[in-house]
Amino acid sequence: MTVLEVGCLDIWIDEMVPCLRDTETGQMIETVVFKIESRKYLKKFQKNNGWHINWNEIPQDIEVYALALRDTNEIQGLIGVRNDRNSNAVYLHWACTAPQNNIHDTGKQKYIGVGGHLFAIAADKSIQWGYEGAMHGFAANKELLMHYIDIFHAEYLGMLHQFQFFIDETCAKKLLEVYQYEWYGT
């Protein structure tokens with residue numbers, strides 16, 4: 001299996017802020033979340049234009065959600081999740097900030113808070129699917145695994161992948177206490 005099929009999280013959490021924070025003005029910007037149903041629409045989000053993977057090529061059982069600015073619907077991040085009934089948790093397949101928010105790739109950042117919002121969306125889906133916030137995924141490397149352990153109090157699993165982690169219900173609910181966004185279409 002390829003990384004695209006298995007999934008991998010390589011997103012850093014910069015700050016835990018309730019809304020996105022504009023790095024130039026410091027203004028807090030309200031956000032919305034919506035599900036992207038069309039694989040054709042996902043063709044806009046490609047590795048060659050800064051989205052780390054070709055989002056239209058992820059497995060069909062992965063649901064993709066967008067974090068967008070409330071006033072403009074401009075997408076600031078994407079997360080792919082799967083209802084993992086075997087684990088009684090959400091599987092975090094992939095998450096990515098918009099290129100203008102990825103300080104690690106571009107050296108600058110328009111909005112702070114995208115990464116944490118994406119994890120909060122996954123926690124929300126976990127609750128909607130009856131798992132009380134439980135989620136798991138594979139970090140891209142040991143450094144990111146330790147980052148998730150530090151930021152989210154994730155637990156190291158390492159059973160299915162050397163950097164597999166689990167975020168339990170209590171930690172997920174604490175995450176949801178921080179982030180504010182409105183769901184569209186749910």
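**Exercise 1.** In this predicted model, determine which residue of β5 stands opposite L67, and characterise the pairing of β4 with β5.

*Solution.* 
Step 1. The residue of β5 that stands opposite L67 is G77.
Step 2. Strand β5 spans residues 75–84 and runs antiparallel to β4, to which six bridges join it.
Step 3. The two strands form a hairpin, with five residues between them. In the turn, N73 has a positive phi of about 65°.

**Exercise 2.** Identify the partners in β4 of V32 and F34, and state how many residues of β4 are buried.

*Solution.* 
Step 1. Strand β3 (residues 31–36) pairs with β4 (residues 63–69) in the antiparallel sense, over six bridges.
Step 2. V32 has A68 as its bridge partner, and F34 stands opposite A66.
Step 3. Six of the seven residues of β4 are buried, which leaves the strand mostly covered.

**Exercise 3.** Describe the open sheet of three strands and name the residue of β2 opposite R21.

*Solution.* 
Step 1. Its order is β2-β1-β7, with antiparallel pairing; the edge strands are β2 (28–29) and β7 (111–112).
Step 2. Two bridges link β1 (residues 20–22) to β2, and R21 stands opposite M28.

Note on methods:
Residues are numbered from 1 along each chain as its sequence is written. This is a predicted model: local features need pLDDT of at least 70, side-chain atom pairs count only at pLDDT 80 or more; totals for chains, interfaces and linings use all residues. Side-chain values use heavy atoms; hydrogens and water are left out. Two strands pair if DSSP finds at least two bridges between them. Helices (H or I, at least four residues) and strands (E, at least two) are DSSP runs, numbered from the N terminus. Buried means under 20% relative accessible area, exposed over 50%, partly exposed in between (1.4 Å probe, protein chains only).
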